[in-house]
Amino acid sequence: MSEKNGLAFPLVSIIIRSTDRPTLADALDSVALQTYPSIEVVLVNAKGTDHRKVGEWCGRFPLRIITSEEESPLHRSRAGNVGLQAANGEYLLFLDDDDWLAADHITKLSDALAAHPICSAAHTEIACMDNEKQPTGMIFNHPFNTSLLLASNFMPIHSVLFRRTMVECGCRMDETLDLNEDWDFWLQVSLQGDFVFIPGISAFYRIYDSSGVHRQKVFSGDGYTRIYDKWRTRWPAERLAKLMEAFWNAYTTQQELANTQTQLGYTQTQLANTQTKLINTQTQLADAQTQLVDCQAKLDIVYRSRSWRITIPLRQINLMIRSLLDRL
């Protein structure tokens with residue numbers, strides 16, 4: 001815990017599992033630019049040997065490089081657990097050595113945890129970038145939902161800031177998993193409490209075409225099968241009930257949508273028939289108007305004719321005779 005301007009700031013441990021990729025510099029630079037004042041960097045040497053020297057500081061923040069006694073390179077999950085064990089912070093965040101953070105990322109998430117003391121973690125939006133750090137157009141921006149988390153992982157590892165108490169409750173990365181160890185970890189954390197979601201992109205996730213994670217067949221690849229096999233007997237009954245309820249609601253909504261679409265089809269057919277009748281009626285009206293104009297033109301010709309003018313006296317006499325006959 002540190003203080004700034006009379007305010008207390010819980011220590012945040014940023015755990016970086018490093019295989020010494022060239023992109024590590026981007027990750028460290030983004031940490032050095034954080035506006036949050038109380039950070040330690042725990043860099044886990046997952047390469048095994050010959051990791052570059054990174055110094056003892058990351059900007060104004062202390063940095064510790066943790067090298068395991070194991071000689072071989074560390075598996076992703078093993079490296080994560082080494083970092084969890086070495087971290088001293090009240091809040092913790094994983095950052096892979098090819099991703100990076102916006103300057104306000106830690107401040108935003110730590111403020112959210114402070115404002116929601118019953119939540120086990122806070123997460124936010126992440127933008128996906130290609131190897132050239134250009135946007136791919138994909139954004140992870142799903143608000144937290146336990147049923148959705150049972151189905152798939154929608155939170156990149158550095159989108160989540162979680163409390164140290166999660167580690168004290170026994171949350172660890174499963175070292176038997178080759179993929180989706182972060183998803184498994186979030187499932188563990190979710191059993192301790194909800195995640196609060198904070199809108200707005202404040203971190204970036206580099207996606208490679210060669211990434212094994214993104215080549216998986218969604219919901220049925222090996223990585224998914226391992227998670228489902230592990231968790232199908234561990235999910236609380238009430239969460240399974242919510243998942244079944246969500247499925248049922250989705251099914252009934254789909255049926256209602258299908259019925260609505262059918263009704264819409266009937267209505268569109270009726271509308272088309274009505275429009276056809278309207279067009280026919282308009283055509284008939286136009287024909288009648290044309291005939292009326294023709295009759296009016298002919299009548300005008302008659303009124304202007306010489307014979308009509310000559311016979312005016314005769315028509316008047318005829319009207320007088322009819323009037324007298326009506327009186328008799």
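**Strand β7.** I began with side-chain directions in β7. Tyr91, Leu93 and Leu95 point one way from the strand, and Leu92, Phe94 and Asp96 point the other way. All of these residues are buried. In a regular strand the side chains alternate between the two faces of the sheet. I note here that the model is predicted.

I then checked the cover along the element. β7 runs over residues 91–96 and is mostly covered, with six of its six residues buried.

**Neighbours of β7.** Next I looked up the pairing. Strand β3, residues 12–18, pairs with β7 in the parallel sense over six bridges. Tyr91 stands opposite Arg163 in β11.

**Helix α2.** I turned to residues 76–86. This helix is mostly covered too: eight of its eleven residues are buried. Which residues of α2 are buried? I list Ser77, Ala79, Gly80, Asn81, Val82, Gly83, Leu84 and Ala86.

**Arg21.** I placed Arg21 in the loop between β3 and α1 (24–32).

I looked for partners of Arg21 beyond its neighbours within four places in sequence. Arg21 is in contact with Arg52, Asp97, Asp98 and Tyr208. With Asp98 I can be specific: the two side chains make a polar contact at 3.5 Å. I also took a C-alpha to C-alpha distance from Arg21 to Ser72. The two are 51 residues apart in sequence and 17 Å apart in space.

**Surface patch.** Last, I went to the surface. Which residues form the nonpolar patch there? I find Leu314, Ile317, Ile321, Leu325 and Leu328, with about 580 Å² of accessible area together. Ile321 is found in helix α10, residues 312–327. Ile321 counts as partly exposed because its relative accessibility is 45%. Patch members need over 30% relative accessible area, and that cut-off is the one I checked Ile321 against.

Key
Residues numbered from 1 in each chain as written. Predicted model: local features only at pLDDT ≥ 70, side-chain atom pairs only at ≥ 80, totals over all residues. Heavy atoms only, no water. Patch = residues over 30% accessible without salt bridge, like charges linked within 9 Å, V, L, I, M, F, W, Y side chains within 5 Å. Areas by Shrake-Rupley, 256 points an atom, 1.4 Å probe, with all protein chains shown as cover. Salt bridge = Lys/Arg side-chain N within 4 Å of Asp/Glu carboxyl O. Helix = DSSP H or I, 4+ residues; strand = E, 2+ residues; numbered from the N terminus. Buried < 20%, exposed > 50% of the residue type's maximum accessible area, 1.4 Å probe, protein only. Pairing = 2+ DSSP bridges. Contact = heavy atoms within 4.5 Å. Polar contact = N/O pair within 3.5 Å; in protein donor to acceptor, adjacent residues only side chain to side chain.
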